[in-house]
Amino acid sequence: MAELLELDGLGVRYRVMGGWRALLTPKAPRFVDAVLDATLQVRAGETYGLVGESGSGKTTLARAIIGLVPHSAGQVRFRGRAIDGRVDSAMRPVRREIGMMFQDPVASLSPRKTVGSLVVEPLRIHGAKGKNLAEEAQRLIRIVGLDAGFLRMYPHQLSGGQARRVGVARALALGPALVIADEPTAGLDVSVQGEVLNLLASLRQSQNMALLIVTHNLPVVRHVSDRIGIMYLGRLVEQGPTREVFRKPAHPYTAGLIAAVPQPDPDLRRAAPPIEGEIPSLRNRPSGCEFHTRCKFARERCRAEAPAYRALGDARGVSCHFPLA
Amino acid sequence: MSAPILQIRCLNVAYRSRRGRLRALRDVHLDIPANRIVGIVGESGCGKSTLISTILGLLAPNAEVASGGSIQFDGLDLLKATVADWTRIRGPRIATVFQDPMTSLNPVMSIATQMIDIQYRTSEPAAEKRRRAVEMLDRVGIPDAAVRIDEYAHRFSGGMRQRIAIAMALLMRPSLLIADEPTTALDVTLEAQIVHLLKSLKRELDGSILFVSHNLGLIAELCDEVVVMYAGEVVEHATVRDLFHRPRHPYTRLLLACDPARVAEGGGPLQTIPGGLPDLAALPQGCVFRSRCPDGIDACQAQQPMRPAAADHEVRCVRAVHHG
């Protein structure tokens with residue numbers, strides 16, 4: 001299969017302190033690396049799930065792909081061509097092909113516009129030649145399973161699930177080859193969560209597009225994605241086919257994360273929390289393997305030497321000195 | 001089962017609104033036995049928050065509690081409690097942990113000041129109160145508690161703040177702790193830690209916990225018994241194993257089936273519950289779940305009471321009782 005999106009050693013760096021405060025405290029770090037050395041590929045038509053806890057850099061990574069935050073290292077390639085988020089004119093044609101669903105569906109919709117004008121906004125911006133906008137709005141709203149009556153409504157009149165659907169419609173407006181969905185199910189009730197995921201899955205097939213789902217919700221990722229990547233402190237620590245990773249996680253963090261999801265069965269209660277401690281601060285990264293402060297299997301080498309990301313079989317990769325699988 | 005510490009009888013709460021009276025809670029009967037963890041599960045709009053606010057006497061001014069109901073606690077009907085009663089109860093007898101710890105921690109007071117202040121009813125030297133506060137922080141897993149107690153809330157991470165909120169809630173050894181979605185804002189690894197903390201604290205502190213959550217996995221992990229709510233009614237109440245292994249109400253069954261944590265690797269579409277909540281201002285006749293229920297019959301058009309379906313298992317469904 002062809003690689004649609006390739007990230008090659010991508011890094012995103014945020015400035016944390018500047019100006020006169022930086023002069024007063026010369027030793028304090030000036031930058032934090034929100035994403036470090038991220039290498040991943042999304043193939044045409046597949047669903048890739050990017051998983052991590054808050055602060056792991058998953059949202060920053062997603063935003064860096066479409067150039068909403070500039071990257072400081074590495075390269076993003078789309079259909080084999082390097083794209084540079086810093087040059088707006090270079091981004092425009094790429095943004096037609098990459099649809100984005102933002103985290104908070106209600107906050108990402110302008111409260112003063114009707115659903116009808118919101119869903120065709122991408123068409124208006126990117127200049128849809130010879131397209132009847134009203135007809136397009138009807139088509140899009142129907143694709144996401146709402147009826148045409150919604151086109152006259154305003155975002156505050158929508159329920160969480162409906163707002164999510166409008167977000168999907170907007171992402172699909174330009175017929176993208178890739179849709180990036182940032183936490184598509186956060187804040188939804190379980191009975192509605194399924195609706196949104198089923199919609200995304202069926203659209204992926206009917207529109208023949210790839211999906212990059214960014215989420216902290218492991219059951220969701222397990223259900224919808226073909227391959228997953230696990231992020232910790234801005235690094236991809238493990239990647240592989242979803243089924244294999246869940247069956248036999250290689251990185252101790254992945255294993256702990258999977259074990260931390262409570263099972264809806266009182267007979268499967270856990271004796272102790274699988275991962276102790278908290279995520280360290282990005283300003284003060286641990287030495288060696290950055291997970292060693294919380295890892296049950298950490299040895300001397302883990303504290304001293306950072307593990308390189310290496311292949312594990314032909315489809316998987318992990319950055320751990322002593323992988324479990 | 002021992003005598004309940006909280007006994008809710010025939011509770012009906014409605015909100016006055018421009019669209020008429022929204023009947024947010026209807027015919028709620030609920031016992032919380034001593035030393036048990038009772039879970040309340042339900043989706044948004046099911047009445048969880050109204051129920052908690054009613055127990056705590058914190059209902060909005062436009063709420064009306066119908067006469068005829070009662071909430072017995074400590075030999076007192078909480079629905080008739082006076083301001084003086086509430087000062088005695090809220091905090092020392094019934095404590096609460098909310099979803100966002102920043103709503104219960106004061107940002108401009110150090111943790112020490114807050115934790116000493118809430119012991120104002122005990123006449124002990126401040127040093128003793130401080131010692132007790134440090135001990136409690138230590139117990140909930142705040143590293144270096146004796147030093148960090150003098151810091152302010154913003155210096156702690158989200159998980160640590162929630163631990164502090166729990167320590168503050170338990171400081172006065174309440175007999176009932178209400179935990180309202182205490183882990184929803186936390187990551188899954190921290191969530192597991194907090195749930196284990198609550199479990200071990202409950203063993204030591206000799207009280208009951210009312211644990212409100214929409215997360216079925218957490219309910220299964222922590223609770224002894226579970227109450228399922230839908231559109232303002234309790235529709236099922238059972239022991240945790242019964243509820244997860246032999247759910248009787250069609251809504252409970254569908255809710256469990258929807259949880260993606262249940263289905264392993266996907267492929268097939270996820271279960272959903274088509275339709276939406278009924279309008280609380282114009283409730284349909286009969287069972288409230290009727291319009292979405294896959295196995296409704298004619299008898300569902302009549303109002304359903306809670307009925308025993310098995311030992312320690314009650315359900316509000318005419319079919320569930322007969323067909324088991």
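Reader: Which residue stands opposite Arg307(B) in β13(B)?

Author: This is a predicted model. In it, Arg307(B) faces Val315(B) of β13(B). The two strands concerned are β12(B) and β13 (residues 313-315) of chain B, which run antiparallel and are joined by 3 bridges.

Reader: What is the strand order of the open sheet of chain B?

Author: The order is β7-β8-β9-β3-β10-β11-β13-β12, an open sheet of 8 strands with mixed pairing. At its edges are β7 (94-97) and β12 (307-310) of chain B, each of which pairs on one side only. Ignoring direction, neighbouring strands of the sheet are turned by 25 degrees against each other on average.

Reader: Which helix lies across β7 and β8 of chain B?

Author: That is α6 (residues 158-170) of chain B, and α6 runs at about 175 degrees to β7(B).

Reader: How do I read the sheet of chain A, and which strands stand at its edges?

Author: In chain A, an open sheet of 8 strands has the order β6-β7-β8-β3-β9-β10-β12-β11, with mixed pairing. The edges are β6 and β11 (310-312) of chain A; each has a single partner strand, so one side of each has no neighbour in the sheet. From one strand to the next, the twist averages 20 degrees.

Reader: Which residues of β6 in chain A are buried on each side?

Author: The general idea is that side chains in a regular strand alternate between the two faces of the sheet. In β6 (residues 98-101) of chain A, Ile98(A) and Met100(A) lie on one side, Gly99(A) and Met101(A) on the other, and all are buried, so that both faces are covered. The partner of β6(A) is β7 (residues 178-182) of chain A: the two run parallel and are joined by 4 bridges. Within this pair, Ile98(A) is opposite Leu178(A).

Reader: How many bridges join β3 to β9 in chain A?

Author: There are 5 bridges between β3 (residues 47-52) and β9 (residues 227-232) of chain A, and these strands run parallel. Tyr48(A) has Arg227(A) as its bridge partner in β9(A). Lying across β9 and β10 (235-241) of chain A is α11(A), at about 100 degrees to β9(A).

Reader: How should I read a helix, and is α10 of chain B mostly covered or mostly uncovered?

Author: An α-helix has 3.6 residues a turn, so residues three or four places apart point the same way. For covering, count the buried residues. Helix α10 (residues 250-258) of chain B is mostly covered, with 7 of its 9 residues buried. Among them are Pro250(B), Tyr251(B), Leu254(B) and Cys258(B). The covering elements include α8 (190-206) of chain A, and from chain B α8 (216-222), β10 (225-230), β11 (233-239) and α9 (240-245).

Reader: How many residues does each chain give to the contact between chains A and B?

Author: Chain A gives 33 residues and chain B gives 36. On the side of chain A that touches chain B, α8, α9 (218-224), α10 (242-247) and α11 (252-260) of chain A each supply at least two residues. The largest share, 7 residues, is from α8(A). By class, this side of chain A has 16 nonpolar, 9 polar and 8 charged residues.

Reader: Which domains are assigned in chain B?

Author: The domain assignment gives domain 1 (4-93 + 180-190 + 204-323) and domain 2 (102-173). Their centres, taken over C-alpha atoms, are separated by 32 Å. The contact takes 7 residues from domain 1 of chain B and 8 residues from domain 2 of chain B. On the domain 1 side there are 6 nonpolar, 1 polar and no charged residues.

Reader: Why does Ala325(A) count as partly exposed?

Author: A residue is buried with 20 or more other C-beta atoms within 10 Å, and exposed with 12 or fewer. Ala325(A) has 18 such neighbours, so Ala325(A) counts as partly exposed. Ala325(A) is in the segment after β12 (316-318) of chain A. Leaving aside residues up to four places away in sequence, Ala325(A) touches Lys248(A), Pro249(A) and Ala250(A).

Conventions
Residues are numbered from 1 along each chain as its sequence is written. Chains are lettered from A and ligands numbered from 1 in the order in which they are written. This is a predicted model: local features need pLDDT of at least 70, side-chain atom pairs count only at pLDDT 80 or more; totals for chains, interfaces and linings use all residues. Two residues are in contact if their C-beta atoms, placed from the backbone, lie within 7 Å. Ala, Val, Leu, Ile, Met, Phe, Trp, Tyr, Cys and Pro count as nonpolar, Asp, Glu, Lys and Arg as charged, and the others, Gly among them, as polar. Two strands pair if DSSP finds at least two bridges between them. Axes are lines fitted to C-alpha atoms, for helices over the stretch in contact, and angles run from 0 to 180 degrees between N-to-C directions. Domain bounds come from an automatic or database domain assignment.
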